Amino acid sequence: GRGMRYGRPSIDEALAALRGKGVRRLLVLPLYPQYAAATTASTFDRVTQILRTWRDLPELRVVNDYHDFPGYVAAAAAGIQEHWDRYGRAERLLFSFHGMPQRAVQAGDPYADQCRRSAALIAGALGLGEGQWYLSFQSRFGYAQWLQPYTIDTLKAWGKDGVASVDVACPGFAADCLETLEEIAMLNREAFLGAGGQAYHYIPALNDRPDHIRALADLVVAHTQGWAAAPHL
């Protein structure tokens with residue numbers, strides 16, 4: 001089944017459809033490569049909230065994250081390499097991830113560490129060493145301190161410092177959305193060029209790339225191994 005946390009078809013509708021088919025074993029795969037309480041855990045909370053209304057519960061597994069899953073890393077690196085092969089390589093490569101309040105990390109959320117590991121693994125798959133790639137965090141809200149460095153501030157500083165061209169990728173997004181297409185591909189582009197930059201390229205998310213779909217399929221297979229025989233069969 002397919003369900004969205006804040007869209008249609010909803011998680012409620014997806015679970016209802018699976019219930020109608022008599023599903024006895026349920027694997028939940030939130031499409032957030034890096035775990036965060038605000039995303040992955042929120043999805044889990046909604047799933048369990050719905051399951052509490054069922055009289056006969058299915059066996060349940062949840063994929064917490066896949067930030068270092070080889071197929072995901074390889075697909076992300078391939079997307080960047082294909083962009084370079086087609087358009088050339090910019091002076092700098094920036095990995096931009098959705099931000100979160102610093103206090104969440106201090107409370108024990110592993111998100112920031114997983115973002116850094118994902119970026120390092122993707123860069124390694126591209127053959128990049130230290131100083132050949134950078135990481136930042138986007139979409140800050142409110143006045144509290146969020147994870148730094150901030151993407152838009154980084155791009156403005158680079159433009160002022162004479163960096164001519166930038167490639168930006170967002171490995172934390174399985175598919176493009178308003179946040180990548182408007183904030184990153186448009187608003188941050190304007191910020192960089194307005195500060196003096198000359199060329200800005202947003203590298204699309206994995207979306208429906210065949211290697212991405214295969215990676216997700218392999219992830220599902222990996223997490224459904226060793227499941228005991230389903231009851232009531």
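Biologist: Which way do the residues of β5 point, and are they buried or exposed?
Modeller: In this predicted model, S165, D167 and A169 point one way from β5 while V166 and V168 point the other way, and all of them are buried. In a regular strand the side chains alternate between the two faces of the sheet.

Biologist: Why is strand β5 called largely enclosed?
Modeller: Because five of the five residues of the strand, which spans residues 165–169, are buried, β5 is largely enclosed by the rest of the structure.

Biologist: And which strands does β5 pair with?
Modeller: Strand β3, residues 92–98, runs parallel to β5 and is joined to it by four bridges, with L94 standing opposite V168. Five bridges join β5 to β6, and these two strands also run parallel; here V166 stands opposite Y200 of β6.

Biologist: How does the chain get from β5 to β6, then?
Modeller: The chain crosses through helix α7, residues 178–194, and this β-α-β crossover is right-handed.

Biologist: Switching to helices: what covers the buried residues of α6?
Modeller: The buried residues of α6 are T151, T154, L155, W158 and G159. They cover an arc of only 130 degrees around the axis, and therefore lie on the same side of α6. What covers these residues includes β3, β4, β5, α7 and β6.

Biologist: What follows α6?
Modeller: α6 is followed by G162, which has a positive phi near 95 degrees.

Biologist: How far does α3 itself reach?
Modeller: Helix α3, residues 70–87, has 18 residues and reaches 26 Å from its first C-alpha to its last, which is close to the 26 Å expected at 1.5 Å a residue. Its buried residues include Y72, V73, A75, I80 and W84, and the buried residues of α3 pack against β3, α5, β5, β6 and α8.

Biologist: Which element gives the most to the largest nonpolar core?
Modeller: The core has 33 residues, of which I80, F95, F97, Y111, I122 and L126 touch the most other members. The elements giving two or more residues to this core are α3, β3, α5, β4 and α8, and α3 gives the most, with seven residues.

Biologist: What is L126 in contact with?
Modeller: Leaving aside neighbours within four places in sequence, L126 is in contact with A77, I80, Q81, W84 and L93. There is also a second, separate core of 13 residues, which includes W158, C170, Y202 and A205.

Biologist: Now the loops. Where is R209, and what does R209 touch?
Modeller: R209 is found in the loop between β6 and α8. Not counting residues up to four places away in sequence, R209 touches A75, A78, G79 and E82. Its relative accessibility is 18%, so R209 counts as buried, the cut-off being under 20%.

Biologist: Last one: is the peptide bond from Q148 to P149 cis or trans?
Modeller: That bond is cis, with omega near 5 degrees, and P149 is found in the loop between β4 (134–138) and α6 (151–160).

Note on methods:
Residues numbered from 1 in each chain as written. Predicted model: local features only at pLDDT ≥ 70, side-chain atom pairs only at ≥ 80, totals over all residues. Heavy atoms only, no water. Buried < 20%, exposed > 50% of the residue type's maximum accessible area, 1.4 Å probe, protein only. Pairing = 2+ DSSP bridges. Right-handed = clockwise from strand over helix to strand, strands pointing away. Contact = heavy atoms within 4.5 Å. Expected span 1.5 Å × (residues − 1). Arc of directions from axis to C-beta. Core = buried A, V, L, I, M, F, W, Y, C linked by side-chain atoms within 4.5 Å.
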